Every structure is written in C-alpha cells, then in structure tokens.
Amino acid sequence: TLVARSLLANDFQEELVIRPLHSGDIYASFQFRTLWETDFMRENKVSHYRLFPKSLGQVISKFSVRELHISFTQGYWRTMQWGQPFLPSPPGAELWVWFQDSVTDVDAAWKELTNVLSGIFCASLNFIDSTNTVQPSASFKPLGIVNETDHRFLRYATLPREIVCTENLTPWKKLLPCGSKAGLAVLLKSEKLFHSSFFSQTVHIRPVCQDRECKTTSWELRQTLNVVFDLHTSGQGKREWSLFKMFSRTLTEACPLASSSKIYIDVTDNPQEEYFELSPATPLLSQAVVLGDRRTFSVYDLTQQLFKSVSDLLPAGSMLRPLLHAERYVAGYGLQTGEIHTVMYNNHPFRSFPVLLLDSVPWYLRLYIHTLTVTSKGKDNTPSYIHYQPSKDRMRPHLLEMLVQLPPHSVTEVTVQFERALLKWTEYTPDPNHGFYVGSSVISALVPSSVAMDTNITQEQPLFSSFFPCKEESSYFVRVYTEPLLVNLPTPDFSMPYNVICLTCTVVAVGYGSLYNLLTRSFQIEEPNPRLAKKIANFIRRIRGVPLLS
Amino acid sequence: MGYFLSYYTYISFGCWVQNMLAAIIMLIFICFCVHFQNTAGQFFSSGHTNNWAVLVCTSRFWFNYRHVANTLSVYRSVKRLGIPDSHIVLMLADDMACNHRNPKPATVFSHRNMELNVYGDDVEVDYRGYEVTVENFLRVLTGRLPPSTPRSKRLLSDDRSNILIYLTGHGGNGFLKFQDSEEISNVELADAFEQMWQKRRYNELLFIIDTCQGASMYERFYSPNIMALASSQVGEDSLSHQPDLAIGVHLMDRYTFYLLEFLEDIHPASKSNMNDLFKVCPKSQCVSTPGHRTDLFLRDPGSVLITDFFGSVRKVEITMEAIHLTDPILQLEDGPMSEEVQEKTYSYVDQLPVSEIIHQKPKQKDWHPPDGFILGLWTLILLVFFKTYGIKHLKHIF
C-alpha cells in the first residue's frame, strides 16, 4: 500500500470548458490542478518535487503560507451580458493570503512574500505595502481545510493599475508540469489570448480533503485561465469557430503526466443539435450543477480523441439572469469632493439574502463615514454588521465591511462622501493626469439556488464546478467584483519649481544686482585717448609748462 | 639525440654547422611547446567567465513606442546569442505590447509591415512601469538592493563578468530623462561605474546609448575597462527610423535599427570584432554621427569579439580526475506519517457564516502607548495642577 500511496501522492488534471455566451462571445476557461500529499511544514525540507512546481513549494514552506490566491486580470467581467464566471477576479492584480498560526510577524512575512512573488510572476507586486493592504474581518474566509479562522493571519491587497501581458503568462506557463509543450497548455498563445475582451490568469494554493472521510489533507495547486473572445472583432464572418480560430493552435496530444485531460463544451442551449453541431461528435454527455444552474456538457477526453471544431453557432433561449450584480461609480464634480456610490442588484423574485460588502479605499480619498447611507427601494436599510477601520495618512487605507440584507427584486445603494487630499509632489506618479485608481469592491454572498447543489466533495466532479466548497444544497457561494474607480486628484504644475527658480534668480539678478551696482559703483571721468598730433603738441606744451590742450 | 649529433661530426660541413642544426632543431621544438601552451592559455585568457546584460528603456507613453522596441530588439539579439534570462535585467518603463492603443496586442514590431515581432512569446521583464527609476537603476548597477529583492531583479555579477549596458530614451547634453519626471546625469553614471569597479563587479563593460546627444553621457567615465558607443555626438539629435501606418507611431530609432540588422548576422561562433560594431550606421544612414570611446579599455578593440559582450561564454574544462561521491542519498521514509490513523476529521469552513459575523466581538485592539499629543496634554494638566497646588500636596494623592 505504500507504493500505491506514493503513486496517488502526485496527481495532475487539466480541463478546458468552452461556453458560448448569449452576447456572441465565447468563454473559455482552462483549469489545471495538481494535488500533492506532502507536508511542507515539517522540519526536514521537502526536496523532491515532481509535478508540483518547486518555486511555489519553497514559497509555501519559507513563509508558512496556508492559502495563497493570486490573480492577474485584464478587462472587466460584464456580469449582465456574460453571466457569472466560474472563478471571479477583479481587474488588475489581486493577492490574498492566509498564513499559518505559527507566524509571529505577519506583516514582515507579507512584505517578503510580495517581493518574492513579484520576481516569480514578473509583476510589480512589490508595490503592495501597508498603504494598500487590508485585513478583512469577515470576508475572504479560507477556501481550504483549516482548524480555526483568526483574521489576524489574513492579508488582502489589490493593485488595480497592474497590467497583464506575455511577461506574466510566460512564468505562469512554466509552472505547469508539461509546460506549454503538451496537453491543453499548447493552446495558450499570447497573441490570441490578449486580443480578447477579458483575460484572467490565477494561481490558487490551498489544503484540501483527500477523500470523502477527510481524514488527511493534501495540497492543491490550481491554475486557471479565463478568457472571453469576441468573435465579431476577431473578424469572423461566419458564426463558426474552431480551436484553431480561437487560439491559432491545434491540440496535438494530451499531457502524459496528466491523469485526466478533458474538454467540456456547454451544449445546454442546444439540446437537439438544432443550433450548432460539434465536430467530431461525441456521444459523451455529462451534467453538472454549476453556479446554481444545471448545465449539460459534451465531454471530450483528450487521451482518447481530439476535439476540432463547432459549426454554425447560434445560442438561443434566454440566459439565466444573474441573481447578484453590482456597480460602482464616483459622483460629484470638481477636484475637491465627491461621492462613491456602490449599487447592488438582487434579481431574485422573492428571496432575500445577505451580502458582505468589502471596500478598501486609499488614504488620499478621505471618506466621511458620517455620510454613509445604505438605502434599498428608497428606504433606509441598516446593515447588521459594520466594521470600519479609518485610514492613516500614508500608512493605511480605509477598510469598510458591511453585512447588508438585500430585499428581493431590489436595488440597494451605498453612498459615502469623500474629500480629495493633496499629495506631496514626490508622491505623484510620472503620469498623474491619468488619475488614481481605487480598487474594486468585493461582494461575497450566499445566493439561493433553484437547483440543488452538490455537496459531495469527491473528486469525480469536474474542476470548474468544485472550486468553492459547498456546505448546503440550497445556496451557492458567489463573489462579485465591481469596477475599479479612477479619480483625479488635484495635480500641481510640475514645471513650477523650475519656473520659480528661474524667476527668483532673474529678480535677484536684475533687482538686487542693479541696486548693488548703483550703491557701490563710483564714476570717474576719463579722458579719451588723444590723437597723435595732439599727443605731440601736448608733450611740447608740457615741456614749455603751458596748459595742455583738451 | 647526442649520438645522432656525434654521428654528424664526421660530415665535412664542420662543427659550427652541426651545432647550428642542433640549435635550430631545439628551437623549433621549444617553439612548438610554447605555441601549444599559448593556445591552451588563450582558451582561458579572454578574461571573463560569464556575461550579463542590463537593458533599460526609460520612456513612458505610447508615442515612445520606439524606445521599447529598441530595448526589446537588443534583448532579442542578446538572448539569441546565448545569454539566459537569469542573466538579463530588462527594465521597460511602459507597456506597449498590451497597451490598449496597440492594434495588435502582445506584439512589438521593429520593422514596417509587421515583419519582426521583437516581443515574442518568451519574454521576462524584470522592472516594469513605475519601477524604472533612477534610484532602482543605480541600485541594480551597484548591487545595493533591499534584502527582499528577488534574484531575477539583481545584477549578480562578479569580477570576471562582462556586462553589456544599453540605455535608450530621451536625453540631452549630459543627462538622460527617466519617465518624464527625473533625470540621470553623466556624472552620476560615471560614479556608479566607478563604484562597480571598486567593488569588482565587472571585468569589462560595454556601454551603448541611443538618445539625442548620447556622446555626452560617456564623456565623464573614468573607470578602466569601459568601452562606450553612442548614437550621436553632442549637439546632434538621434532620429527615428520609420513609422508604421497601421500602428501609427515610429517603430525604431535609426541607430538601433541598423544595430539590430548587424546583430542579426552574428551567430554564437562568429568572429566579428568591435571595429565592425563601430562602423554600424554611418552618417549617411543615421544622419547623426555615432561616436565611441575606447581610451579606457585595456585591450585593443580589434581583438574584442562581439560575442564577448552580446553572447554568452561557456568554457568547458575536461578533466580526467575521478570524483569520489559521498554516501548515497537516503530516500526519506514517508512511512510513519501515513501509517498513523488520523482520528480528527477535517472540514471546510463556512464561507459566509452570517450569525457568527453578526455576533462577532470587535477585535481587541493592541494596546499602544499614548501618542505624543495625549502625552503632551497630560503633562500640561499635571504641570498646571502642581503649579496651583504645590508639590507638597503630592502625598495626598498617593
């Protein structure tokens, strides 16, 4: 049994889900999962790595990390047009980490961890410091196995300005066991991936249950890549697509290190194959309950056959309206004050549910919390839990967490007024007129589900439906991110120091200099140099003792 | 040999010819030995054992696309000729490839009609965006980085490293502009190189700069073993090469464009030397006059190979010695851990425990000693109290 156990110890699965959206876009989600039964926290360090990447294993053991979630996103997920994503992520970079109970100085470990991750992912994560890190008190509960949750060990930070490009994708691909040489990762070509409406790559590390009884845990590394292609702008005349048209690559073979390599195509809107057909066709159909909806998928197992294309795609029928949706915007005028509005929509016809709103605002927008109002359907809606931590200039951002009960079929609006601060002139970025970003709000909710969710935590579930642990059948957990805000701060004229120096020097030189000259210069009358004849005449006159000529 | 010689004593040519012959044979033998030793010595005598490159683009904004393309084309050549990513510090002040104005995302082109994508699929940018500052650049050069800086952001060179430093951006007489907000002067740069020399951080250094009035940047160097090239002299502007009408900006600067074309012909075993590099982009092609400075360099530029700086050295030493391994590595036993029967059952945590959150006690804030203001206020109160009532009343308090 020892041999069998070591064979199961390292497991890699890969999966691609393709779902045509009602707006005409195609949503492709790659999931790569590595499971490893090991203990990073024991004294003699882990030294033999097989499928689990060594760089991340060393990070986990060195910084005593219990859970790590990092995402890089370009674009904003349009919930009302595209539905809910399998794994949500905010624009820019987001990092949240749970540390082990044994860590004594969490802030120092956090600072070093962000620097190390910035080297691994070629991103500017070293800009994460105390001015944009918060410690949520109720949101972001651990997604993995844990004994108890003490929020002192949680840190959350987001960098809305962070760009994602090939230099972030390259190290991400190198973490995969097969790299980008075999399996589904062959399709990840940057020129097509970044020419899309939405691109997001994430890494999630957490301890999970190994089996049903959950007596032992193993470490799970999930790498997901979500991309939404817009077929209209990609120049597709006909409504047919294939893997080659989307990714400009074809699949060659499954990754030999993978225990399962599957492609799921969402055919729920195409029950009798009247709108589109898949080629090559497959008789394998599976159903999965994901995000409160029961969907049917055609399954292709890459170890047996390869998938090519779909012809004449025309999704019809009505999309399941997302039950929870949020927006955020800045109101007001001028460069002194403003108002942040966060609007949450509950589209369920008769059920109300609570949502937890997490807002982290940088210190240079000074929030006036006494103007905080929460209204639903025009009436005041008092949150049942508020946690507010005020900001400290140049040290800490604002943190506002509220538990709000959203009435059914309603719009809830949270408003708070703020004042803009004037930064020191060295604190401005090189392009201050672009504006300053405020990170997205995070709304966590348990949304009631019309379809019974699967609480079975066995591993036969497809990866995309088994990310968030499900405790009860009647609701599912969802996290919604709003847009980030872009506010203009009053910007000084940076040429002023140069202007002032020039002006002052000129004034001093002209004003004081002329005055000094007038006061200290003495004038003497000097005779002009006489001509030669005059010189000789004067010389003779001097000899004679007669007055000289002028 | 002696018997052979004595045999020849009987030849009628005489003693001196015989001695001469012996001497000549001995000389040839010695020369051969020395020559053999020389080629072996030469194999190890070019001085450097590893190569590094620091490539910096200092300009921000979309219309400075060409500076990013300049840096990426040198990056591409340097990678192609063998220097690995771990030995390249690439600093790009702005992102052009995934810029929203780029009609072809994830690409940076150097030639018109989108012929050559210098961004590629396998690029690792170490410093990007706001991280490219004068301070970070000087810290990378001198090695004085904060302890938590990852390895990919450090220049870990030693006294046997040949370093290539390439700068591009907007510059003037004696300075180079970083990101539209600060400048580095030629004096600072020269002092940074002197620090590197004092700390023995380089064996030889090649400095290439492609900016307006670039020659002013190397005027102040005073450390040995530095060779410098610039795209224009003081008083001249470096011009850009050609715009692409689809992208809408100029794609490359002239000097780097012809430098890239020159480097495309170099392969890792090429024997071209620095004199060929000095001839890149004459005035007819570049409009400005490229300059170079070799007075600080100890070797003759004609003997310096291009691959000494742009390529990577792999010196192989073959040895016949046997190496004795230590005791074999024991496989760590996983046994004890897996045979224990765990009584505890783990479980996942509730993601939104509403009742728990509502009844959550507010966190006990850590006690901090009172701030300065509070302390001052209390001191004032105490002082006023003691002034009015006198200190002898202290005993009534305690």
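This is a predicted model: local features need pLDDT of at least 70, side-chain atom pairs count only at pLDDT 80 or more; totals for chains, interfaces and linings use all residues.
Figure 1. Beyond the residues within four places of it in sequence, B:Cys212 is in contact with B:Gly171, B:Gly172, B:Ser232, B:Glu236, B:Asp237 and B:Ser238. The loop that holds B:Cys212 runs between β8 (204-210) and β9 (226-230) of chain B. With a relative accessible area of 19%, B:Cys212 is buried, because the term applies to values under 20%.

**Figure 2. The annotated pair B:His170 and B:Cys212.** An unreviewed UniProt entry assigns the annotation "active site" to B:His170 and B:Cys212. These positions span 43 residues in sequence, yet no two of their C-alpha atoms are more than 6.5 Å apart, so they gather at one spot. B:His170 is placed in strand β5 (residues 170-172) of chain B, whereas B:Cys212 belongs to the loop between β8 (204-210) and β9 (226-230).

**Figure 3. Surroundings of B:His170.** When neighbours within four places in sequence are left aside, the residues in contact with B:His170 are B:Thr58, B:Ser59, B:Asn64, B:Arg66, B:His67, B:Leu176, B:Lys177 and B:Thr211. One of these, B:Asn64, also takes part in a polar contact, in which its side chain meets the side chain of B:His170 at 2.8 Å. B:His170 has a relative accessible area of 26% and is partly exposed, because this value falls between the limits of 20% and 50%.

**Figure 4. The interface of chain A and chain B.** Here 65 residues of chain A are in contact with 47 residues of chain B. The area buried between the two chains is about 5,100 Å², and carbon and sulfur atoms give 58% of this area. Between chain A and chain B, 20 residue pairs are in polar contact, with both residues at pLDDT 80 or more. On the side of chain A that touches chain B, the elements giving two or more residues include the helices α1 (2-9), α4 (106-121), α5 (166-174) and α6 (190-193). Strands are also among them, including β7 (198-209), β17 (353-361), β24 (442-448) and β25 (475-481). The element that gives the most to this side is α5(A), with 5 residues. By residue class, the side of chain A that touches chain B divides into 26 nonpolar, 22 polar and 17 charged residues.

**Figure 5. A salt bridge between A:Lys174 and B:Asp122.** The rule finds 5 salt bridges across the interface of chain A and chain B. In this view, the side chains of A:Lys174 and B:Asp122 meet in a salt bridge, with an N to O distance of 3.6 Å.

Note on methods:
Residues are numbered from 1 along each chain as its sequence is written. Chains are lettered from A and ligands numbered from 1 in the order in which they are written. Side-chain values use heavy atoms; hydrogens and water are left out. UniProt positions are given in the numbering used here, feature names are shortened, and annotations may be inferred rather than shown by experiment. Helices (H or I, at least four residues) and strands (E, at least two) are DSSP runs, numbered from the N terminus. Buried means under 20% relative accessible area, exposed over 50%, partly exposed in between (1.4 Å probe, protein chains only). Contact means heavy atoms within 4.5 Å. A polar contact is a pair of N or O atoms within 3.5 Å; within protein, one must be able to donate a hydrogen and the other to accept it, and residues adjacent in sequence count only if both atoms are side-chain atoms. Buried area is the accessible area (1.4 Å probe) that two parts lose on being put together, summed over both. A salt bridge is a side-chain nitrogen of Lys or Arg within 4 Å of a carboxyl oxygen of Asp or Glu. Ala, Val, Leu, Ile, Met, Phe, Trp, Tyr, Cys and Pro count as nonpolar, Asp, Glu, Lys and Arg as charged, and the others, Gly among them, as polar.
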